[in-house]
Amino acid sequence: EKGGYDHFMMKEIYEQPRSIRDCLRGRIYPQQGKVQLGGIKEYTEKLKNVDRIIIVACGTSWHAGLVGEYLIEEYARVPVEVEYASEFRYRNPIITEKDLVIAISQSGETADTMAAIELAKEKGATIFGICNVVGASIPRLTHAGVYTHAGPEIGVASTKAFTAQVSVLTLIAFYIAQQRGKITQSKMVEYLTGLNEIPNLVQEALKLNEHIRQIAARFKDSTNCLFLGRGSSFPVALEGALKLKEISYIHAEGYPAAEMKHGPIALIDDEMPVVFIATKHSSYEKVISNIQEVKARKGHVIAIVSEGDTEVKGMADYVIEIPQTNEAFVPLVATIPLQLLAYHIAVMRGCNVDQPRNLAKSVTVE
Ligand code: F6R
């Protein structure tokens, strides 16, 4: 049932071109520049008028929420806050019937996320869910929602559910942008055409597997690893670090690249691998100076770059070239090599990648 792969995690990583396509199916009409989300259609008026969106989630789903924050603020121009469900509920949050809360959960059973939803509901907020498991508890607690349609995820480390969550948040961002008149029709056509290509670009990115396996062999005995990115690549860095730590037990941390000089730079020496997401987008030049800072301290740089990049190639120890895409969709493509890197390192260390120690697929206790 692993479809010829050694582990469910690998099978699920390789399913992503299909799972993302399934998630987009019937929801985007690129030629018409239109997004359709049946599950939240009734709440279109709410989306036109809402002043603030609060996203609640845990773990990988929280990382997807951070990508969502970036996309919704950038394209729909609605303020977004992203909260750990567990923190949200225990600090008497200011929330009213005017707010829209979006709960993200693969399993739809996470206790902390459910408790956050119940609290927000008591205060009168409108609640949307972004869930994978159809008919789970969270979709039943929410007023409306959008399923991710990634199919069953068996590996404990979330992979295809993450990219499906990010896909749904991308759809929501462009749906709100359209409803609120924040984007022209021709721009919509352009963005949705780009989004429609993502499954193919993810397919391309999967061809990097062998190259990444070789990089993994070089770093499998590391004890620490940093992941750095900016903008929407910052949550991708967090997700890359979480994948590595949970399945390989290597201590890994994600940071916004510019924060490095405020502390983590002290950790860099000739033993430290630093993974950068350095695609050719808004903060490219800034990330390049961060790469130089790491190299000046003899750190080992593994850089995820846009295909055809030459500048980073001259400084990084290893480059991983991913297909070019619009900045809005970088998280969907840049995540793939990080999943593969974590997977290969964990396998080489003899870890049980599908069932890492101390972890459960759904956390139904607080
Ligand atoms: C990471 C992972 C966990 C979950 C978290 C939330 O790979 O699997 O961090 O993302 O426990 O779970 P859901 O999304 O089911 O609410």
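Predicted model: local features only at pLDDT ≥ 70, side-chain atom pairs only at ≥ 80, totals over all residues.

User: Which residues are the closest to the centre of the largest cavity?

Analyst: This cavity has a volume of about 140 Å³. There are 14 residues that line it, and the closest to its centre are Arg230, Ser233, Thr279, His281 and Glu327.

User: How many charged residues are in the lining of the second largest cavity?

Analyst: That one holds about 50 Å³ of space. Its lining includes Phe219, Leu244 and Ile345, and both β8 (224-229) and α14 (330-348) supply at least two of the lining residues. Sorted by class, you get eight nonpolar residues, two polar ones and no charged residues.

User: Why is the pair of Tyr75 and Tyr191 edge-to-face?

Analyst: Their ring centres are 5.2 Å apart, which is within the 6.5 Å cut-off for a pair. The planes meet at 70°, and planes over 60 degrees apart count as edge-to-face. So the Tyr75 and Tyr191 pair is edge-to-face.

User: Is Tyr75 buried or exposed?

Analyst: Tyr75 sits in helix α4 (residues 59-76), 116 residues apart from Tyr191 in helix α9 (residues 185-196). Buried means under 20% relative accessible area. Tyr75 has 10% relative accessibility, so Tyr75 counts as buried.

User: Which ring does the charged end of Arg357 sit over?

Analyst: Look for the charged end of Arg357 3.8 Å from a ring centre. That ring belongs to Tyr249.

How values were computed: Residues numbered from 1 in each chain as written. Heavy atoms only, no water. Phe/Tyr/Trp six-rings, centres within 6.5 Å; stacked < 30°, edge-to-face > 60°. Helix = DSSP H or I, 4+ residues; strand = E, 2+ residues; numbered from the N terminus. Buried < 20%, exposed > 50% of the residue type's maximum accessible area, 1.4 Å probe, protein only. Lys NZ or Arg CZ within 6 Å of the ring centre and 35° of its normal. 1 Å grid on protein atoms, 1.4 Å probe; cavity = no way out; pocket = protein on both sides within 12 Å on 5 of 7 lines; lining within 4 Å. Points joined across faces, edges and corners; volume = space filled by probe spheres on them. Nonpolar A, V, L, I, M, F, W, Y, C, P; charged D, E, K, R; others polar.
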